[in-house]
Amino acid sequence: MSDPKQTSWLGDILGSVSAMAGGFSTTFKHLFRKPITEEYPEYKRPLPERSRARIILTRDPDGDERCVACYLCSAACPVSCISMQSTEREDGRRYAAWFRINFGRCIYCGLCEEACPTSAIQLTPDFENCRRDILTMVFEKEDLLVDHGGKDKTYNFYRYAGVVSGKGGKGEHVKEKKAVDVKTNLP
Amino acid sequence: MIAWLVGFIVLIVKIAVVLGTLLFIAAYLVWVERKLLGRLQVRLGPNRAGKFGLLQPIADSLKMLTKEDIVPEAVDRTIFLLAPAVVALTALLMFAVVPFGEDITLGGRPIPLVISDINVALLFIFAMSSLGVYGVALGGWASNSKYSLLGGIRGAAQMISYELSIGLSLVPVVMLAGSFSLVDIVAAQARYPYVLVQPVSFIIFFISAMAESKRIPFDLPEAENELGAGFHTEYSGMRFGLFFIGEYVHIQVLGALLAVFFLGGWHGPYLPGPVWLLIKMMAVALVMIWIRGTLPRLRYDQLMAFGWKILVPAALINIVITGAFVLI
């Protein structure tokens with residue numbers, strides 16, 4: 001026992017007893033603290049805006065559907081729970097004839113939202129979306145479509161698109177150069 | 001004939017009351033434990049079933065009773081079915097020799113408030129707690145699964161090791177009281193409880209009895225996070241419930257024994273005997289819950305080293321010192 005770090009057995013016992021006393025006093029003090037539990041159905045914690053739960057289809061500031069039925073979300077979806085059929089309006093604007101998300105299969109990864117070029121498909125913090133019957137988890141377009149812009153209130157895809165539609169002709173979009181008259185380029 | 005019949009009826013009533021009380025308290029001890037443990041960990045504990053979650057034990061037992069009683073295919077069927085009953089039964093039987101009050105007189109005949117005052121009650125208790133090991137070891141073995149077997153082996157090793165220190169820690173008490181009968185031991189503590197003269201025995205008995213009832217920090221046989229649920233991994237429904245009941249009855253028996261051997265049994269001022277015994281039992285149970293909320297589980301080698309290298313020698317030294325004092 002020449003090792004100076006080696007304490008006597010009495011010191012060992014005293015040390016461990018005081019360590020235990022520390023632990024017991026800590027738990028005893030905790031007995032009188034207010035529980036930090038949030039009781040869920042009575043108190044619903046406000047969730048961050050970017051929480052990923054139920055998916056919506058938003059509209060642009062003019063009230064038109066943002067979705068242009070490009071199938072990018074459907075392609076990005078790892079569980080293939082998004083399906084749609086694209087079609088075109090008379091003014092040249094594309095939209096989904098039908099749009100279906102199977103929430104029974106959705107894993108709420110948010111890849112569809114990242115893939116969306118028009119900010120149409122968005123995830124909301126509303127996670128209380130449980131059903132007894134799994135077939136009622138299949139949401140059609142009218143269930144998904146909302147009357148607001150979601151997280152991106154001002155963005156309007158067709159103002160930047162450069163496509164002739166109800167939002168303007170060639171050269172009339174934001175940051176678009178005047179249309180070139182091809183005849184003037186002729187040699 | 002009449003006297004015999006009356007005696008028999010009185011005995012049946014006593015057994016019914018004791019069993020009813022034990023099982024009722026066992027159910028509510030679970031509630032107390034979950035609630036108190038919750039508060040120790042700064043959470044609320046069960047509060048949905050009834051006011052303050054008071055109906056939780058009823059909900060739990062309903063759930064257990066209505067669950068499917070699964071017996072896996074590979075098990076040793078007879079032993080598998082019997083093991084939970086052994087655990088619950090031995091725990092309940094131990095209470096048979098615990099005196100819970102002064103003799104009361106009813107219709108001119110004295111009725112002792114103990115189910116059975118046998119003169120080797122202490123040995124009976126050891127016998128029962130040794131039999132309880134079979135429930136754990138055989139339940140783990142008969143399950144025919146690795147986790148259960150490991151839990152059963154740990155249980156057997158732990159409970160046999162700590163039985164030794166329980167036995168040795170009680171020798172000084174027997175020396176002081178001069179009897180194996182729990183009634184005599186309680187009667188001998190009418191003036192002062194033995195914890196005042198035998199603090200070392202008290203601590204050794206408390207620690208080893210806690211190991212015997214497989215509670216944290218000695219819950220190696222069931223160790224959720226290493227063995228699944230240890231010896232009762234394969235059990236479901238009310239058979240699992242029987243293990244559970246056994247554990248919580250064991251806590252009460254431990255409280256009662258601690259009270260009987262060291263805290264003066266049912267002796268106490270003002271209140272009647274059974275109430276005092278109940279208060280002491282509950283105090284011990286609360287301390288055990290507090291310990292559960294504070295200490296982590298021991299490692300297997302620590303457990304063995306603690307039992308064989310610290311508790312047993314300490315108990316032996318204590319016996320020698322007590323013997324010297326008794327002689328003088």
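Student: What am I looking at?

Tutor: This is a predicted model, where local features need pLDDT of at least 70, side-chain atom pairs count only at pLDDT 80 or more, and totals for chains, interfaces and linings use all residues. Residues are numbered from 1 along each chain as its sequence is written, with chains lettered from A and ligands numbered from 1 in the order in which they are written.

Student: How many helices and strands does chain A have?

Tutor: Helices (H or I, at least four residues) and strands (E, at least two) are DSSP runs, numbered from the N terminus. Chain A has 5 helices and 5 strands. Along the sequence they run α-β-α-β-β-α-β-β-α-α.

Student: Is chain A spread out or compact?

Tutor: The radius of gyration is taken over C-alpha atoms, and the globule rule is 2.2 Å times the number of residues to the power 0.38. For 187 residues the rule gives 16 Å; chain A has 30 Å, well over that, so it is more spread out than a compact globule. Its C-alpha atoms fill a box of roughly 105 × 50 × 30 Å along the principal axes.

Student: Which residues of chain B touch chain A?

Tutor: Two residues are in contact if their C-beta atoms, placed from the backbone, lie within 7 Å. Here 10 residues of chain B are in contact with 9 residues of chain A. On chain B's side, α1 (2-40) and α10 (273-294) each give two or more residues. The largest share, 3 residues, comes from α10(B).

Student: What about contacts inside chain A?

Tutor: Take those between residues at least 6 apart in sequence: 70% join residues at least 24 apart.
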